[in-house]
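Trainee: I'd like to learn how to read a model like this one, feature by feature. Could we go through it together?

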Amino acid sequence: MLLYKSMQQIVKVSQLTKQFNSLTAVNQLSFSVESGDVYGFLGQNGAGKSTTIRMLLTLITPTSGDISIFGYDLNKHRKEILQQIGAVIEKPDVYKYLSAYENLKLFAKLSGVKPSNKMLMDQLEMVGLASRAHDTVKTFSQGMKQRLGIGIALVHNPQLIILDEPTNGLDPQGIADIRNLILILSREMKKTVIVSSHLLNEIEQIATRILIIDKGQKLVEGSSAELFNDQQTILQISVANNNKVIQTIQSSTWANNLLPERDGQIMVGLNKEDIPNFNRMLAASGVDIYSLQARHSLEDYFLQVTAGKQHVGTFTN
Amino acid sequence: MKLINKLTCLLFVFGLSSSTHAQDMNVLVMKVKAKLEKVKDYTADGRMKTDVAFIKAPIGKVKVYFKSPDKFKLQRDGGISVLPKGGVSINIGSMIMQTGFVAIDAGMSTVGGTAVRVVKLLPDADAGEIILSTLYIDEANLLIRKSVTTTRENGTYEMELQYGKYASYGLPDKVLFSFNAKDYKLPKGITLEFDDTDKAVKDKMKGKKGRVEINYTAYTINTGLSDAIFK
Amino acid sequence: MWEHLQIELYKVFKRPRTYLSFAAITALIGVIQLGLLVDGKEYADFVMADFANSFSVDGKILNGYFICYVILQLLLVHVPLLIALIAADMISGEANMGTLRILLTKPQSRTSIVMAKFIASVIYTLLLLIWIAIMGLFLSMLIFGTDDLFLMKSSYVVIVKESDVFWRYAGAFCFAALAMVTVAALGFFLSFFAENSIGPIVATMSVIIVCTILSTMNIPLFNLIKPYLFTTHMITWKEFFDFKVNDANEAIIGSIQYPDKIIRSATVLGVHIVLFVGSAVWLFRKKDILS
């Protein structure tokens with residue numbers, strides 16, 4: 001068993017880059033995951049989430065950069081580190097010609113565990129498959145396979161759990177089940193969880209920290225408290241003449257709050273209490289305003305930062 | 001048939017010129033035959049070796065059965081034997097034709113250091129399998145030391161006989177049977193071989209005389225063999 | 001490693017496909033045996049047609065030893081397909097199923113995973129050969145009995161004494177095992193380049209067929225590369241059934257005519273195995289798993 005060098009920082013990634021021929025899938029990416037985090041890893045399809053997660057799991061070799069997990073270099077301590085990681089990567093593929101029980105037993109052994117019958121059945125019970133333990137996986141629904149995949153990821157009681165797009169292909173009930181499971185893992189079992197998704201609404205309800213990447217680069221990283229801060233608002237402004245309004249804002253004290261445009265609308269990040277002042281400033285400048293809309297869902301932010309090509313930086317105080 | 005006609009002519013010439021001599025030869029052959037006829041039947045164990053350049057065979061045990069006048073059987077004691085076609089039936093008993101032949105003196109010679117008289121036997125009728133048989137007879141011991149037999153269907157065979165313990169019965173200890181071995185060729189499709197045998201080795205295996213060698217170790221004579229054995 | 005091997009074997013023998021090969025072999029051998037039991041004489045006469053013009057062959061040619069030789073001759077051409085079915089699927093099949101990435105996130109070194117997989121395919125191959133031995137040799141011995149082994153080579157005839165045959169079969173089966181492990185290694189190597197099993201299986205068979213054609217054709221250009229093709233050496237098991245003779249053309253029991261050929265072929269096959277498996281390990285250690 002690995003003794004953690006760093007109990008606080010479970011994963012530390014610095015300057016991670018992966019190049020596939022001419023394509024840079026991950027570019028100079030740095031982030032860290034702390035103990036007890038449910039770390040939401042957000043990005044559109046093809047943003048580099050899977051590549052990053054596969055590098056964390058040694059499935060892909062980075063072109064450059066460092067990964068340390070539990071305070072150890074992943075390259076040098078691969079085996080010990082992997083012993084403490086459970087993962088479901090995209091589809092939870094298992095051996096279809098084996099039963100749930102056989103699959104679980106086989107992967108437990110590969111994870112370095114000598115599984116007892118009770119232990120395996122308990123695990124299947126936990127993911128709700130005890131009654132189907134001896135049926136071949138061929139006969140399972142997508143949701144059941146996903147639950148088995150999670151059972152397999154957890155069978156060796158790992159400290160860090162990595163779930164790559166765990167809700168793909170699941171029905172609403174399945175999605176809710178996964179969400180609950182992540183909460184149990186985090187709150188009751190005190191596990192650290194990294195969960196990736198291209199859907200923000202899945203993440204926003206459970207993540208304690210969030211990283212948003214696009215085109216292999218970090219757009220924003222921060223705690224949910226910060227990102228979901230009610231005080232932090234995005235003002236969506238619909239006007240007759242964008243350029244004039246932008247000029248007005250740039251010459252005002254709010255210049256730094258200007259965000260990239262979206263759908264032809266001006267976006268401004270503001271604290272809630274500043275909105276009246278900002279409003280007054282705009283009115284005073286004499287521009288024609290059709291509508292002013294305050295948004296505080298991260299969804300907007302997510303869409304905005306991923307749609308904009310701009311590197312935003314860390315969204316923290 | 002041409003050969004037969006020639007031989008008939010030969011016989012005719014010999015018949016005219018030396019009929020008295022021929023009679024002497026007939027007497028000699030009959031004496032040899034009489035000696036052989038003392039043996040009504042025998043069983044013998046032997047070791048047989050087939051020596052043909054393109055046949056690799058182990059030495060095998062054989063059992064030979066003979067019953068007068070012309071029943072002969074060579075049985076391999078298990079195993080597989082390869083023998084020149086038709087050759088096996090040519091045995092000492094049938095070297096001397098049972099009926100109707102003319103014996104012609106063809107002079108003296110030596111076989112393995114023993115002086116022998118060369119006698120040619122020609123059948124009266126031309127229907128038989130044997131066309132011409134040449135016997136090299138050791139007159140002192142009334143033993144056939146060598147025979148060369150030309151058959152209608154199966155070519156010419158040469159048999160050399162060496163005697164020991166059973167000489168008094170006219171039975172050889174060792175028979176060396178020579179014949180012309182025609183080599184064969186199999187298409188590779190059948191053998192599924194990628195043929196890379198050295199050419200030298202192949203040539204060595206081509207067109208030589210083949211031999212079958214039988215060493216008899218024990219004879220059991222005149223025990224009254226049943227005919228059933230030869231079936 | 002040992003545990004991993006057990007797991008790989010468990011997976012191999014839990015798949016219906018694995019038993020398909022054993023069933024196929026049973027059926028093939030059964031058909032040959034039945035055919036020779038009913039019409040064996042015809043077959044023997046056909047093979048010996050030319051030879052029988054000048055020689056008469058006495059004895060039980062169609063004995064178990066001969067039947068096994070016929071079976072090996074016919075079957076060993078087709079067994080590579082059955083081996084490719086498993087070996088060429090070892091990596092690609094898991095990539096296709098998606099299990100490869102789960103497997104590789106387990107705390108096992110990639111080398112150990114690859115070697116366990118390769119050894120599992122070797123064990124499968126050996127079991128297949130043992131099954132061929134049981135069905136082709138022992139069952140034939142039981143049905144047809146034993147006697148000397150009469151063989152027609154392309155330019156000469158060999159008769160192996162009954163007591164001298166069995167060890168030759170032991171040798172021949174060991175050699176065949178080596179040849180088939182080479183096939184397994186090739187299939188295994190090719191299974192790295194695809195994420196479906198059909199591709200590598202077809203590729204393995206294609207390589208074998210093309211190389212066999214090159215080995216068979218007697219064209220000077222091909223003759224240059226022939227000695228380096230593994231297919232040329234795969235049939236060297238036949239050399240066990242040829243012995244030396246002494247000056248008197250007597251068979252030397254227990255001898256082999258060209259032991260150097262066997263050693264050379266075994267070396268070539270061994271080098272191929274090392275190359276295929278070595279490259280597989282090397283590639284696999286570096287491979288980015290994108291499936």
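Trainee: What is the phi of Q28(A)?

Mentor: The general idea is that most residues other than glycine have a negative phi. Q28(A) has a positive phi of about 50°, although it is not a glycine. N222(B) is another case, with a positive phi near 50° in a residue other than glycine. N222(B) sits in the segment after β12 (209-221) of chain B.

Trainee: How many other C-beta atoms lie within 10 Å of Q28(A)?

Mentor: First the cut-offs: a residue is buried if 20 or more other C-beta atoms lie within 10 Å of its own, exposed if 12 or fewer, and partly exposed in between, with C-beta atoms placed from the backbone. Q28(A) has 14 such atoms within 10 Å, so it is partly exposed. N222(B) has 13 and is therefore partly exposed. T151(B), in strand β9 (residues 143-151) of chain B, counts as partly exposed because it has 18 C-beta neighbours inside 10 Å. I225(C), in helix α10 (residues 220-225) of chain C, has 12 other C-beta atoms within 10 Å, so it is exposed.

Trainee: Now the helices. At roughly what angle do the axes of α2(C) and α4(C) cross?

Mentor: Two packed helices are described by the angle between their axes and the distance between the axes. Axes are lines fitted to C-alpha atoms, for helices over the stretch in contact, and angles run from 0 to 180 degrees between N-to-C directions. Helix α2 (residues 16-48) of chain C and helix α4 (residues 79-87) of chain C have axes that come within 10 Å and cross at roughly 170°. Angles under 35 degrees count as roughly parallel, over 145 as roughly antiparallel, 65 to 115 as roughly perpendicular and the rest as oblique. So α2(C) and α4(C) are roughly antiparallel to each other.

Trainee: Which residues of α2(C) and α4(C) meet?

Mentor: R17(C), T18(C), S21(C) and A24(C) in α2(C) meet L82(C), L85(C) and I86(C) in α4(C). By class, that contact has four nonpolar, two polar and one charged residues. Ala, Val, Leu, Ile, Met, Phe, Trp, Tyr, Cys and Pro count as nonpolar, Asp, Glu, Lys and Arg as charged, and the others, Gly among them, as polar.

Trainee: How many residues of chain A are in contact with chain C?

Mentor: Two residues are in contact if their C-beta atoms, placed from the backbone, lie within 7 Å. Here 24 residues of chain A are in contact with 21 residues of chain C. On the chain A side, α2 (78-83), β6 (85-89) and α3 (100-110) are the elements that give two or more residues. α3(A) gives the most, with four residues.

Trainee: Where in chain B is confidence lowest?

Mentor: pLDDT is the predictor's confidence in each residue, from 0 to 100. In chain B, confidence is lowest in helix α1 (residues 2-17), at a mean of 45, and highest in strand β7 (residues 114-123), at 87. Over residues 6-19 of chain B the pLDDT is below 50. Where pLDDT is low, the predicted coordinates should not be read in detail. Chain B averages a pLDDT of 74, and chain A averages 84.

How values were computed: Residues numbered from 1 in each chain as written. Chains lettered and ligands numbered in written order. Predicted model: local features only at pLDDT ≥ 70, side-chain atom pairs only at ≥ 80, totals over all residues.
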